[in-house]
Amino acid sequence: MRVIIATLIARRELRDQWRDRRTLFLIFGLPVLMYPLFVGVGLLFWSALQDKRYVIGVVGAERLPTGAAPLSTVAGMAAEIAYSHRVYPALIQEGRFNPRYGKPSPNGGGELLLRFLREVDEELLAQRAVDALLIVEGNCAIELEQDQRPSLRILAREGEENSKLAVQRLADVLEQWQEDVKKARFIRHGLPEDFDKPLRIHNPISDKPLEKRLFDELRDTLVKVIPFLLIMWMLTGSLYPAIDMTAGEKERGTMETLLISPASRSEIVAGKFIAVTVMGYATAVWNVILMVGAVWVAQMFFPHELLSLPGLVAGMLTAIPLAVLISAAALSLGIFARSTREGNYYMVPMFLVLLPLAYWSMTPGNELNGQTAWIPVVNVLLLQQRLLATRPDPFPWWTLPVIGASMTLCITLLLGVAIRQFHREEVLFRDAQTPVRRWFLRSTNNE
């Protein structure tokens, strides 16, 4: 095979693709619009959650503990503090939840407004006058003084999102209040407030501040999502050029002109393969550049390292085998099609194969090891995740030869299929009028 001929064909195909404004917009223009749109929608969603207000109907608020009253007869601040710790804290103060418990949660904001009711009226829920009902059953304050277990009940609208969020916020407030009530009960019985925790367990996750935990969850999500986005964009950047260079040439009638040229069939396949790979890989590089810019901007607002920028850049190198594999598969399928419309149908199996593999790589706990290193696509995506993560453990360099062997085998097989199809006249010269065999459970005579 003459490399110069294959390179010439690749340059010709790339030149034709660069002249197609729709392809350029799909590959390069659309990401520029999509990333700011995703960020803007995410910020609007977060802002809407933080500004949300939920109305909680409370029945029996007068039967709740009122909290510690100031002691004017006891001298000394220590005695005042000791007394306040023995008194059950108030859940509701001055017509609203105790500020100690009613603050908006960092992982799901929203202000809770109280509406005090004399009796239970579930019609208020149905009429959306309240988002949830808090019912104090019995005399909570007296039952706590008698070391009993008072009962609080929450009612909500079934299958409604606002009511569900209101219940989550209300349950979080009640859980915090219950912790303080439990500590007060222990102190009243002469026990330490952490009596129910016989062990001191130092958890590296729960010991972190809440802000750091939320940040780590965001970072772990990005580590899994970014490789998934890369393969989706590479599919977009490879499929349409591959269809245009195969089925599109049949449709335009230019395939015959190319076949009677001095180039061999293998050189034609190699040229088209190089062109499709360049388009798919250029799409990945462009998206990585946009991601680096987005991470750099976001990093200014976070005190911790969000992603490994060198790892993100290294992701461009690991995207090469994926672009090559997708291009080989797209050419193998595209050559069967008689038109670009039929070519789009033939590309559906690629999504049916690649999407489960991509989702598999995002499975919690799935890492690059001796087994996953042999699975095509999954191994490269796990490698990208490992590069993006900021981890102190040693990098699994020994998996790189295994990944290379697995991807090389798949690419060689797919390229062999594409070259074989280019040598089959009944495949190359099918047009839109050529009848195609249809596969049904029962054959017909009208095919």
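Predicted model: local features only at pLDDT ≥ 70, side-chain atom pairs only at ≥ 80, totals over all residues.
Leaving out residues up to four places away in sequence, Leu14 touches Ala275, Val278 and Met279.

Leu14 itself sits in helix α1, which covers residues 3-18. Is Leu14 buried or exposed? Its relative accessible area is 17%, and the cut-off for buried is under 20%, so Leu14 counts as buried. There is also a distance to mention for Leu14. From C-alpha to C-alpha, Leu14 and Ile274 are 9.2 Å apart in space, while 260 residues separate them in sequence.

Next, Asp180. You will find Asp180 in helix α6, residues 161-188. With a relative accessibility of 12%, under the 20% limit, Asp180 is buried as well. Which residues does Asp180 contact, once neighbours within four places in sequence are set aside? They are Pro89, Arg100 and Tyr101. Tyr88 comes in here too: its C-alpha atom is 7.6 Å from that of Asp180, and the two residues are 92 apart along the chain.

Apart from neighbours within four places in sequence, the contacts of Ser406 are Ala373, Trp374, Ile375, Pro376 and Asn379.

Now to the surface. Which residues form the nonpolar patch with about 280 Å² of accessible area? Val348, Leu352 and Val353 do, and that area is for the three together. Take Leu352 from this patch. Leu352 belongs to helix α12, residues 348-361. Its relative accessible area is 61%, and exposed means over 50%, so Leu352 is exposed.

The other patch is one of negative charge, also on the surface. Glu119, Asp121, Glu122 and Glu123 gather there. Where does Glu122 lie? Glu122 is in the loop between strand β4, residues 111-117, and helix α4, residues 123-126.

On the surface, look for Leu352 with Val348 and Val353 in the nonpolar patch, and for Glu122 with Glu119, Asp121 and Glu123 in the negative one.

Methods:
Residues numbered from 1 in each chain as written. Heavy atoms only, no water. Contact = heavy atoms within 4.5 Å. Patch = residues over 30% accessible without salt bridge, like charges linked within 9 Å, V, L, I, M, F, W, Y side chains within 5 Å. Areas by Shrake-Rupley, 256 points an atom, 1.4 Å probe, with all protein chains shown as cover. Salt bridge = Lys/Arg side-chain N within 4 Å of Asp/Glu carboxyl O. Lys, Arg positive; Asp, Glu negative; His and termini not counted. Charge placed at Lys NZ, Arg CZ, Asp CG, Glu CD. Helix = DSSP H or I, 4+ residues; strand = E, 2+ residues; numbered from the N terminus. Buried < 20%, exposed > 50% of the residue type's maximum accessible area, 1.4 Å probe, protein only.
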